[in-house]
Amino acid sequence: DLVSDIWKERTPMPLSEAWDFPVRFAGKDRSVKIAALREEMKNKDVDLHLLTSVDDIMWLLNIRGNDVPYTPLCISYALVVETQLYLFVDQRKIPSILASEFLSLGIIILPYDEVSVRISSISDGDRLMITPSTTSVSLYNSIPSGVRIVEDISIPSRLKSKKNRTEIENI
């Protein structure tokens with residue numbers, strides 16, 4: 001982190017608690033959305049999908065937060081694989097009842113700053129989907145050279161662009 005050496009009075013990362021966004025507003029349960037994402041990953045022949053756009057993660061997991069003024073976001077990253085989803089977030093932001101439900105769905109909560117470490121451990125030959133416009137150079141550089149990178153718009157961005165009946169009614 002080159003910035004920390006010169007930015008001595010840097011504002012700390014926000015620490016607001018995330019909350020569950022009810023299905024009555026979302027229209028689909030998080031498990032259904034994750035299953036649809038994984039189906040699209042199979043269709044695109046990718047093994048892993050790195051989510052770097054916070055609004056994609058909030059939509060996918062049906063959660064919201066207060067980390068960004070006037071926008072219900074919880075600063076995080078996510079890495080989706082075949083049977084698990086790694087959510088990189090300050091663990092103090094996730095209430096225990098939500099963390100318990102996440103665990104039952106194979107959503108593993110890891111510290112926010114461990115995303116690069118996890119990415120750097122991806123196996124050679126695996127196909128990783130990223131969105132270049134939202135992936136930082138630092139994260140991109142942590143991808144091992146033997147990983148096959150697929151650049152595209154994130155799957156959640158495509159999925160959430162088509163509103164379900166509940167979303168339309170709530171608009």
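This is a predicted model: local features need pLDDT of at least 70, side-chain atom pairs count only at pLDDT 80 or more; totals for chains, interfaces and linings use all residues.
Me: What makes α4 "mostly covered"?
Reply: Count the buried residues: seven of the eight in α4 (residues 54–61) are buried. They are V54, D56, I57, M58, W59, L60 and L61. Buried here means under 20% relative accessible area.

Me: Why is R64 called buried?
Reply: R64 has 15% relative accessibility, and the cut-off is under 20%, so R64 counts as buried. R64 sits in strand β3 (residues 63–64).

Me: Which residues does R64 touch, leaving out those up to four places away in sequence?
Reply: A18, W19, F21, M58, W59 and P72. Take W19: it's 45 residues from R64 in sequence, yet their C-alphas are 5.4 Å apart.

Me: How do you know that the side chain of R64 makes a polar contact with M58?
Reply: A polar atom of the R64 side chain lies 3.0 Å from the backbone oxygen of M58. The limit for a polar contact is 3.5 Å, so this pair falls within it.

Me: What makes a residue part of the lining of the second largest pocket?
Reply: It needs an atom within 4 Å of a pocket point. The residues that line this pocket are A35, R38, E39, M41, K42, V46, D47, L48, V81, E82 and R118. Helix α3 (residues 30–43) gives the most, five residues. By class, the lining has five nonpolar, six charged and no polar residues. The pocket's volume is about 220 Å³.

Terms used. Residues are numbered from 1 along each chain as its sequence is written. Side-chain values use heavy atoms; hydrogens and water are left out. On a 1 Å grid over the protein atoms alone, a cavity is a set of points where a 1.4 Å probe fits but cannot get out, and a pocket is an open set with protein on both sides within 12 Å along at least five of seven lines; lining residues have an atom within 4 Å of a point. Grid points are joined across faces, edges and corners, and a volume is the space filled by probe spheres set on the points. Helices (H or I, at least four residues) and strands (E, at least two) are DSSP runs, numbered from the N terminus. Ala, Val, Leu, Ile, Met, Phe, Trp, Tyr, Cys and Pro count as nonpolar, Asp, Glu, Lys and Arg as charged, and the others, Gly among them, as polar. Buried means under 20% relative accessible area, exposed over 50%, partly exposed in between (1.4 Å probe, protein chains only). Contact means heavy atoms within 4.5 Å. A polar contact is a pair of N or O atoms within 3.5 Å; within protein, one must be able to donate a hydrogen and the other to accept it, and residues adjacent in sequence count only if both atoms are side-chain atoms.
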